[in-house]
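The sequence and the structure are shown first, and selected features are then described in turn.

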Amino acid sequence: MNNPALDKAVEALRPQLEQTLAAWIRIPSVKDAPQPGAPFGADVRRMLDRAIEDGRALLGNARDVDGYACDMEIGQGEDVIGILAHLDVVPAGDGWQVDPFGAQVVDGKMYGRGTSDDKGPAVAALYAMKAVQDAGIPLSKRVRLILGCDEESGMEDIAYYDKAIGLPAVGFSPDAEFPVINTEKGILQMRLHAPLTCDRLVSIQAGTRPNVVPGTATAVVRGEDTVQRAAAFAQQADIRLGSEPAEGGAFRLTVTGVPAHASTPWQGVNAAGQLLRVLQAAGVGGDCLSTLADAIGHDSDGTGLGIAGSDGVSGPLTVNLGLLSYDGQALQATLDCRYPVFFSDAQIVRFVKLRLSGAGFEVETGHGAQPHHVPASSAIVQTLLKVYGELSGREAKVIAIGGGTYARCMKQAVAFGPLFPGEEELAHQAGENVDLAQLVLSVRIFAYAIAELAGV
Ligand SMILES: [Zn+2]
């Protein structure tokens with residue numbers, strides 16, 4: 001795989017690419033109140049206008065999809081290869097040492113919100129298309145870059161685009177990592193609810209969102225002996241437990257764990273699960289709480305719930321106890337389960353009901369998403385792996401994840417870049433940056449991928 005004309009075209013575009021990215025980073029395209037023609041606010045609209053202008057200047061075309069997205073194409077023919085990226089960013093947040101919308105370059109890295117998620121990859125894809133054009137590579141398919149404006153908040157952009165224009169079936173989305181993510185587990189939220197009265201238990205509170213492993217969990221209990229039993233168990237089980245006096249002669253117990261994302265629960269320590277075990281050992285909450293503690297207090301792989309398992313492509317099922325509460329009348333919990341592509345959500349719910357209904361729990365399903373899988377043997381995956389392996393010199397293999405990426409929106413699309421293995425994930429964090437040399441490597445990889453996928 002060697003195309004000197006394409007390499008030359010990429011190298012020649014490098015200064016202009018950096019200018020374009022800097023200009024995009026300086027527009028703080030955070031979602032805001034809708035305005036006419038600007039469904040995600042004025043700043044996102046300004047970013048969209050700039051992308052359309054650049055698309056027209058570089059590729060000779062760009063289409064505004066009513067403020068929800070834009071698209072631009074190269075090539076000709078019936079078939080369309082889609083490249084999906086986004087122009088909106090999450091708010092800057094605290095902790096920045098440089099201007100988060102300044103596009104400052106230090107030691108070959110450009111800093112700013114959106115440099116890696118996802119303006120850097122979007123600009124890389126745009127210039128890859130320009131390089132293919134400049135190198136005069138004949139194409140027998142069209143390659144369409146779709147830039148959405150609402151990936152971070154609700155994906156209304158893509159729903160609108162699909163209705164108005166129709167999404168291509170095949171493609172890739174540079175909004176995650178290399179080499180190729182072809183498997184995204186299913187997502188299933190379950191809400192558990194059981195009536196409970198216990199005179200030694202006043203309240204429980206843990207978790208902020210189902211998809212986050214709770215880093216702290218608190219319970220208010222009565223009786224000094226309750227606190228003593230809790231403390232003895234916590235010490236023996238190596239659980240970080242604190243206690244302090246609370247209102248009305250009660251005690252507040254606080255368990256400290258380690259927060260993590262629900263798609264990788266093994267990276268954290270679930271404080272809510274540990275609190276359940278502490279309360280169980282202290283003799284609080286009866287059979288109802290004790291059953292829940294056995295079911296979800298010990299593991300994040302579904303063993304206690306009877307739903308553990310894996311398949312040949314996805315890796316293991318995971319389950320996170322994301323929310324836990326008790327208000328004096330009912331014990332409630334919300335589970336976030338990421339299940340292998342060969343599993344069925346209905347079967348998982350059936351097993352969870354079988355496990356918990358004896359203790360009085362009702363199980364309702366909440367937000368979810370079906371698994372997404374593109375076979376490793378498919379042309380799109382094989383082509384992207386080959387290009388990535390040859391140009392990066394690194395191991396080319398498919399990966400499975402528990403999270404959801406933008407690629408899910410298209411039937412046969414995979415996530416492809418922009419993070420290289422070992423690169424620090426700084427999306428949504430302070431200090432987000434992109435290594436400009438790596439970005440140019442991404443441009444080369446995308447350009448060769450386009451030539452392979454759409455070339456004559
Ligand atoms: Zn993103």
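## Helices H5 and H6

H5 and H6 cross in a right-handed sense. On the H5 side the contact is formed by Arg229, Ala230, Phe233, Ala234 and Ala237, and on the H6 side by Arg277, Val278 and Ala281. By class, the residues of this contact comprise six nonpolar, no polar and two charged. The model is a predicted one, and the descriptions that follow should be read accordingly.

The axes of H5 and helix H6 (residues 271-281) approach to within 8 Å, with a crossing angle of roughly 130 degrees. H5 is therefore oblique to H6, because angles over 145 degrees count as roughly antiparallel and those of 65 to 115 degrees as roughly perpendicular, the rest being oblique.

## Helices H3 and H10

From H3, the residues Gly120, Pro121, Ala124, Ala125, Tyr127, Ala128, Met129, Ala131 and Val132 take part. They meet Leu439, Ser442, Val443, Phe446, Ala447, Ile450 and Ala451 of H10. The contact of H3 with H10 has 14 nonpolar residues, two polar residues and no charged residues.

## Domain arrangement

The protein chain is divided into domain 1 (4-185 + 372-454) and domain 2 (186-369). Their C-alpha centres are 38 Å apart. Eight residues of domain 1 and 13 residues of domain 2 make up the contact between them. On the domain 1 side, the residues that touch domain 2 are two nonpolar, five polar and one charged.

## Cis peptide bonds

Most peptide bonds are trans. In this model, a cis peptide bond joins aspartate 117 and aspartate 118, with omega at about 10 degrees. Aspartate 118 belongs to the loop between strand S5 (109-111) and helix H3 (119-134).

Another cis bond runs from glycine 417 to proline 418, and its omega is near 5 degrees. Proline 418 is located in strand S25 (residues 418-419).

## Positive phi values

Most residues other than glycine have a negative phi. Methionine 155, however, has a positive phi near 60 degrees. Its place is the loop between strand S6 (142-148) and helix H4 (156-164). Methionine 155 counts as partly exposed because it has 16 C-beta neighbours inside 10 Å.

Aspartate 238 is likewise not a glycine, and has a positive phi of about 60 degrees. Aspartate 238 is in the loop between helix H5 (224-237) and strand S14 (240-245). With 7 C-beta neighbours inside 10 Å, aspartate 238 counts as exposed, since the limit for that class is 12 or fewer.

## Surroundings of arginine 56

Arginine 56 lies in helix H2 (residues 42-59). Is arginine 56 buried, exposed or partly exposed? It counts as partly exposed, because 13 C-beta neighbours are found inside 10 Å.

When its neighbours within four places in sequence are set aside, arginine 56 is in contact with Asn61 and Ala62. Methionine 72 is 16 residues away from arginine 56 along the chain, and the C-alpha atoms of the two are separated by 8.0 Å.

Note on methods:
Residues numbered from 1 in each chain as written. Predicted model: local features only at pLDDT ≥ 70, side-chain atom pairs only at ≥ 80, totals over all residues. Domains from an automatic or database assignment. Contact = placed C-beta atoms within 7 Å. Nonpolar A, V, L, I, M, F, W, Y, C, P; charged D, E, K, R; others polar. Helix = DSSP H or I, 4+ residues; strand = E, 2+ residues; numbered from the N terminus. Buried ≥ 20, exposed ≤ 12 C-beta atoms within 10 Å, placed from the backbone. Axes fitted to C-alpha atoms, helices over the stretch in contact; angles between N-to-C directions. Parallel < 35°, antiparallel > 145°, perpendicular 65-115°, else oblique. Left-handed = near helix turned anticlockwise from the far one by under 90°.
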